[in-house]
Amino acid sequence: MLIAADKFKGSLTAVEVAERVTAGLHRVRADIEVEALPVADGGDGTVAAAVAAGFARHEVRVRGPLGDEVTAAYALRDGTAVVEMAEASGLQRLPEGILAPLTASTYGSGELLRAALDAGARSIVFGVGGSATTDGGAGMLAALGARFRTASGEPVGPGGGALAELASADLSGLDPRLGSVEFVLASDVDNPLTGPKGAAAVYGPQKGASPEDVERLDAALAHYAKVLEASELAGSPGAGAAGGIGFGALLLGARFRPGIEVMLDVLGFASALERADLVITGEGSLDEQTLHGKAPAGVASAARAAGKDVIAVCGRLALAPEVLGKAGIRRAYALTDLEPDVAVCIADAGPILERTGERIAQDYLT
């Protein structure tokens, strides 16, 4: 049996999900062989999934989204680096209760990429998601050697709001090593940089942006793309990912791929799948978003193609059985089946998930 589940956001890491399900399974069938392969779709938890799969964890001090120093990690194995922008520039890096939609910067993400290059990475998987930023990747590019100036010749300030003052952009100082590495942009969203489906309009409110802030950010990002003479690139799938850092990565020559597809390749999912007769996937909420590039959908699609049965665990289930079936998931087990109080499910997710593992074992292994 293979457990290839994502995190239950706010409750359990992907590693903990696998551990809890395994504990429940073993209470019913102590002899069952269980292989755990925690997965992620490019967002927060991506480095942890890589480390669980055998990559080495490397820590480095970088700038957080507000400019303060934070300790961020990337993963490295055999010349392949897994870099997670949320490690440096994610919402979790903001002080509690503080949001900075206009000024949060991706500078630290650029420092993290540079650290991976310094460590000898020849291939970089850049997982983006969970960002605190909407700066189009300008901070990241600046950390890698780009120069952005105002009309008076001063450096443009941090964050997406300041891009309205951008008068000139010089990319000639970008780290030359970027041209010789394989660079993959891994994301679960394919939004463009600007417009009604762009970075500011769709995700800005999650980062504290008011309607007025959204308009300001969208206009600033459009201006930024125009100054860079890359307005066409701004419409590319993935350009709007993680506050537009996808656009910055595409400028660097990155190739966009759905995050879960990339991570399954990197983590060695295919070989693990060959050894399994049943696959358990899951995430905190199985809902409509799951069907659009999230980890459980990617796992189910790959497993179905290999002729393997898939079941899912989740905190909350908002998909009908026929929808699950079309996605390749035979059955889903929700924590709310056992504990209807969502607050209790979040607080006590581990023990309830172990009981869910017992239910799975009783239904499939006895």
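Q: What is the volume of the second largest pocket?
A: In this predicted model, the second largest pocket has a volume of about 390 Å³. A volume is the space filled by probe spheres set on grid points, joined across faces, edges and corners.

Q: What makes a residue count as lining the second largest pocket?
A: A pocket is an open set of points on a 1 Å grid over the protein atoms alone, where a 1.4 Å probe fits, with protein on both sides within 12 Å along at least five of seven lines; lining residues have an atom within 4 Å of a point. Here 22 residues line the pocket, and Tyr107, Ala142, Val156, Gly157 and Pro158 are the closest to its centre.

Q: How is that lining split by class?
A: It has 11 nonpolar, seven polar and four charged residues. Ala, Val, Leu, Ile, Met, Phe, Trp, Tyr, Cys and Pro count as nonpolar, Asp, Glu, Lys and Arg as charged, and the others, Gly among them, as polar.

Q: Why are S12 and S13 called paired?
A: Pairing needs at least two DSSP bridges between two strands. Strand S12 (residues 309-317) and strand S13 (residues 331-334) have four, in the parallel sense, so they pair. Ile311 has Arg331 in S13 as its bridge partner.

Q: Which handedness has the β-α-β unit of S12, helix H13 and S13?
A: Right-handed, with H13 at residues 321-326. With the strands pointing away from the viewer, a right-handed path from the first strand over the helix to the second runs clockwise. Helices (H or I, at least four residues) and strands (E, at least two) are DSSP runs, numbered from the N terminus.

Residues are numbered from 1 along each chain as its sequence is written. Local features need pLDDT of at least 70, side-chain atom pairs count only at pLDDT 80 or more, totals for chains, interfaces and linings use all residues, and side-chain values use heavy atoms, without hydrogens and water.
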